[in-house]
Amino acid sequence: MPTKTDFNDRMLSLGLARVSEAAAIASAGLIGRGDEKAADQAAVNAMRDQLNKLDIAGVVVIGEGERDEAPMLYIGEEVGSGNGPGVDIALDPLEGTTLTAKDMPNALTVIAMGPRGSMLHAPDVYMEKLAIGPGYPEGIVTLDMPPATRVSALASAKGCLPKDITVCILERPRHQELIAEIRSTGAAIRLITDGDVAGVMHCAEAEATGIDMYMGEGGAPEGVLAAAALKCMGGQMYGRLVFRNDDERGRAGKAGITDLDKIYGRDEMVTEDVIFSATGVTNGSILSGIKREVGWVTTETLLMRSKTGSVRRMTYRTPVAPEA
């Protein structure tokens with residue numbers, strides 16, 4: 001018989017949707033206003049308030065940063081009422097602060113929840129990432145392969161030519177060689193300015209987004225969030241932490257990571273069933289952005305459970321008070 005402390009993903013999922021919705025709604029008034037910090041802070045405040053209404057004993061394992069860097073939703077912060085199951089929480093209250101400030105596509109509010117101990121405590125360093133969508137044999141692409149070989153292998157598995165493959169990559173100077181090698185295969189590249197959780201998620205819905213594969217270095221915490229999304233949506237993901245100095249290696253040690261060269265598979269980054277919720281802030285390939293009308297605000301949320309493979313798309317319309 002279930003106990004009070006069981007991780008009841010079915011009952012908690014709608015509560016999690018309210019958390020990502022609240023963060024998105026809070027940032028709505030700052031879309032296109034050019035103030036990244038204010039947009040992020042509004043989302044953080046709203047997400048924390050909603051999390052504390054849930055009957056969970058939650059610990060933030062992927063959050064806004066170390067305790068001395070982030071006053072709220074820092075790594076290790078306890079959230080929830082304390083009366084309920086012990087859970088790990090990975091979150092990005094506003095994935096794409098720059099996208100929001102500039103009113104560019106694919107800004108999201110993102111949160112994942114699983115049983116305590118189910119998510120990799122990724123330090124705030126870079127992670128080399130590789131992701132593809134569902135339906136391919138396990139290990140068809142790996143991080144040990146050269147980028148051009150990954151493109152060829154995926155094209156072969158898909159039954160098409162490399163020129164028919166589209167790879168999503170963060171537009172950064174560090175990716176110049178990666179971009180050149182991929183383009184040498186004839187593959188197309190979709191460059192994104194920010195938001196690599198959304199970038200990875202695009203692989204899982206290739207027919208809708210046109211993206212077959214994600215490659216490149218981005219934040220390790222976002223890598224764990226992306227792995228949680230793919231655990232629900234299907235698809236393969238691999239990550240390897242990238243360290244630039246001794247301070248970053250020290251951060252890994254604090255997080256309990258001893259093998260600094262380890263390649264993590266999706267199910268090593270997220271070891272148990274999770275629930276995942278993302279709400280659109282600006283319009284994107286996966287979710288519609290917030291729609292504001294006089295007296296009303298409307299959001300679209302993607303709510304997923306890896307245990308059942310269920311995917312809900314929910315529209316939420318709520319009255320809002322006029323701004324002073």
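Which residues in α4 meet which residues in α5? The views below come from a predicted model, and the first one answers this.

**View 1. Helix α4 against helix α5.**
P147, A148 and V151 are the α4 residues in the contact. They meet L178, E181 and I182 in α5. By type, the contact residues divide into 5 nonpolar, no polar and 1 charged. Helix α4 covers residues 147-158. Its axis and that of α5 come within 8 Å and cross at roughly 40°. The two helices are therefore oblique to each other. The crossing of α4 past α5 is right-handed.

**View 2. The open sheet.**
Six strands make up an open sheet, in the order β7-β6-β8-β5-β9-β10. Their pairing is mixed. Strands β7 (188-192) and β10 (263-265) sit at the edges, and each pairs on one side only. From one strand to the next, the twist averages 20°. In general, strands of a sheet pair through backbone hydrogen bonds, either parallel or antiparallel.

Strand β6 spans residues 166-170, and strand β8 spans residues 213-219. The two run parallel and are joined by 2 bridges. V167 has M213 in β8 as its bridge partner. Helix α5 (residues 176-183) packs on the sheet. There α5 touches β6, β7 and β8. The direction of α5 makes about 155° with that of β7.

D196 is found in helix α6, which covers residues 196-204. Is D196 buried or exposed? Its relative accessible area is 5%, so D196 is buried; the cut-off for buried is under 20%. Leaving out residues up to four places away in sequence, D196 touches E95, K129, L170, Y214, G218, G219 and E222.

**View 3. Helix α1 against helix α2.**
Helix α1 takes in residues 9-27, and helix α2 residues 36-51. Their axes come within 8 Å and cross at roughly 150°. That makes α1 roughly antiparallel to α2. The crossing of α1 past α2 is right-handed. On the α1 side, the contact is made by R18, V19, S20, A22, A23, A26 and S27. These meet A39, A42, A43, A46, M47, Q50 and L51 in α2. The contact residues divide into 10 nonpolar, 3 polar and 1 charged.

Conventions. Residues numbered from 1 in each chain as written. Predicted model: local features only at pLDDT ≥ 70, side-chain atom pairs only at ≥ 80, totals over all residues. Heavy atoms only, no water. Pairing = 2+ DSSP bridges. Helix = DSSP H or I, 4+ residues; strand = E, 2+ residues; numbered from the N terminus. Axes fitted to C-alpha atoms, helices over the stretch in contact; angles between N-to-C directions. Contact = heavy atoms within 4.5 Å. Parallel < 35°, antiparallel > 145°, perpendicular 65-115°, else oblique. Left-handed = near helix turned anticlockwise from the far one by under 90°. Nonpolar A, V, L, I, M, F, W, Y, C, P; charged D, E, K, R; others polar. Buried < 20%, exposed > 50% of the residue type's maximum accessible area, 1.4 Å probe, protein only.
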